[in-house]
Amino acid sequence: MSLTHLHSFRTPCNCNLSKLARSVVNLTASRSTTLFTQPVARKESKPFSLSAGSLAGIICQRQLLLQQRQCQPFVRGMADQQSRQINTVEKVCAQWTKTMEEKGVREASVGVGYIVAHVLGRKTMHGISGWQELSQQQMEEVNAMCQQRLTHKPVQYILGTWDFCDIEVKVKPPVFIPRPETEGLVALAIQMVESKNLHTGRFLDFCCGSGAISLSLLHKFPQAHAVAVDISPEACGLSEENAQRLGLSDRITVVQGDLTDSAVQERLKAAAPFDLLVSNPPYVRTHEMPSMDPDIVLYEDLRAMNGGEEGVDIHTDILLQAPDLLHADSDIVLEIQSGQPKLIEDRVKAMSPRRLQFLATHLDHHHKERFCHLRTVDSQQSEQH
Ligand SMILES: C[S@@+](CC[C@H](N)C(=O)[O-])C[C@H]1O[C@@H](n2cnc3c(N)ncnc32)[C@H](O)[C@@H]1O
């Protein structure tokens, strides 16, 4: 999101009148002779007989009047603002940003920008003038939302919806808010679908949360189907609601339960084989949990974060059952954090029989290790390993 227009905000008239007057005088003095004694194309025209000094005075006065006329709305606006307490976008953003910064709310100005833009019916501040006035009702909405933000409630939960890839998903506490990094996971999955021509394929999304990943894929591939699994009933309910909102309900099945639960595994085996497995499982190492941001700790489901001692417990559970759920030679893309690809590779090597191949680690837009790409190998090949 760009808020640059706020930083480059200018008053409509930032002229310096005395400087301007001086420059007019200088200009007049240097050009007076040729300017005012030149014959004009009118009959009986006579040269002006005003002295250069008087002419400079008149021109200067005229320029000042012109400038004053241009500045009048601005000067009037300033006076109005002071007397009527006008709430311009710039003023409201500055005041709320300051309050939030004082209270230790992170990314204060970005959050306030999203809130003000939302109240004005926009997604971002892009294209909104700092001079725009907020009505009384809009002010009340902004104030109510900013008050919520002061409690560290994530701005996404305050707004209620969030853009992810090419879709808008509803977000609701405590269901995990889709992160921008995960758009990279979807991009990788899209590449795999396209390279193998799986446009009509069946995708499996473990740990679906709000449904952001599978719904983005179904939106992109209108003939594909997906099964999405999550332990959280709130997440499953939200995935179904998002599918409904996006008109994708008839192509997704949401399964609620622990992916290590045998009943869930039986249900998935009955729906197998799938063509692609994509997942953003919890991957925060348990000892890192206490240092997480208050926005997360206070509002998001901690089961969405905790990946066990090394952060890859759920990845391991997923990989153990992947070969039974996918076609041979099917792609698996998992989101991870830096330092975890080696652990994943080691766990795959330790699996017996070896029915998975670790292919690559991909970086995110911050150049951090973020995704692992694996593939199922067919049983004949696995026997040779
Ligand atoms: C990091 S969130 C990802 C949500 C979503 N895929 C996204 O990227 O926005 C991880 C999700 O895994 C779910 N989860 C955690 N443990 C699970 C388990 N054992 N079985 C199924 N789902 C689990 C959590 O409820 C949470 O919704």
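Helices and strands are taken here as DSSP runs, at least four residues long for helices and at least two for strands, numbered from the N terminus. In these terms Cys 165 is placed in the loop between strand 1 and strand 2 of a model that is predicted. The chain has 15 helices and nine strands, and 32% of its 385 residues count as buried. Among contacts in the chain with a separation of 6 or more, 68% are made by residues 24 or more positions apart.

Strand 1 (residues 161-164) and strand 2 are paired in the antiparallel sense over four bridges, with Phe 164 standing opposite Ile 167 of strand 2. Two residues lie between the strands of this hairpin, in which Cys 165 takes a positive phi near 45 degrees, although Cys 165 is not a glycine.

Seven strands form an open sheet in the order 5-4-3-6-7-9-8, with mixed pairing. Strand 5 (252-256) and strand 8 (356-363) stand at the edges, and each has a single partner strand, so one side of each is left without a neighbour in the sheet. From one strand to the next the twist averages 15 degrees. Within this order, strand 3 runs parallel to strand 4 (residues 225-230), to which it is joined by five bridges, and Arg 202 stands opposite His 225 in strand 4. Strand 3 (residues 202-206) also pairs with strand 6 in the parallel sense, over four bridges, and here Phe 206 is opposite Ser 279 of strand 6. Strand 6 in turn pairs with strand 7 (residues 326-335), again in the parallel sense and over five bridges, the bridge partner of Phe 274 being Leu 326 in strand 7. Strand 6 (residues 274-279) is mostly covered, as six of its six residues are buried. Helix 13 (residues 313-325) lies across strand 3, strand 6, strand 7, strand 8 and strand 9 (369-376), and runs at about 160 degrees to strand 7.

The shell around the ligand consists of 24 residues, of which Cys 207, Gly 209, Ile 231, Asn 280 and Ala 304 come nearest. Helix 9 and strand 4 are the elements that give two or more residues to this shell. By residue class, the shell divides into 14 nonpolar, six polar and four charged residues. Helix 9 (residues 212-220) has seven of its nine residues buried and is therefore largely enclosed by the rest of the structure; the buried residues are Ala 212, Ile 213, Ser 214, Leu 215, Ser 216, Leu 217 and Leu 218.

Helix 5 is likewise mostly covered, with nine of its twelve residues buried, including Gly 111, Val 112, Tyr 114 and Ile 115. The buried residues of helix 5 pack against helix 4 (89-102), helix 6 and helix 7 (155-159). At 1.5 Å a residue, the twelve residues of helix 5 (residues 108-119) should span 16 Å, which agrees with the 17 Å between its end C-alpha atoms. Just after helix 5, Gly 121 takes a positive phi of about 80 degrees. In helix 6 (residues 136-150), where Ala 144 has its place, this residue counts as exposed because it has 12 C-beta neighbours inside 10 Å. The C-alpha atoms of Ala 144 and Ile 158 are separated by 9.8 Å, the two residues being 14 residues apart along the chain.

The peptide bond from Pro 173 to Pro 174 is cis, with omega near 5 degrees, and Pro 174 is found in the loop between strand 2 and helix 8 (181-195). A cis peptide bond also joins Ala 272 and Pro 273, with omega about 5 degrees, and Pro 273 belongs to the loop between helix 11 (262-271) and strand 6. In the loop between helix 8 and strand 3 lies Asn 197, a residue other than glycine whose phi is positive, near 55 degrees. Asn 197 counts as exposed, because it has 8 C-beta neighbours inside 10 Å.

Notes. Residues numbered from 1 in each chain as written. Predicted model: local features only at pLDDT ≥ 70, side-chain atom pairs only at ≥ 80, totals over all residues. Buried ≥ 20, exposed ≤ 12 C-beta atoms within 10 Å, placed from the backbone. Pairing = 2+ DSSP bridges. Axes fitted to C-alpha atoms, helices over the stretch in contact; angles between N-to-C directions. Contact = placed C-beta atoms within 7 Å. Near = placed C-beta within 6 Å. Nonpolar A, V, L, I, M, F, W, Y, C, P; charged D, E, K, R; others polar. Expected span 1.5 Å × (residues − 1).
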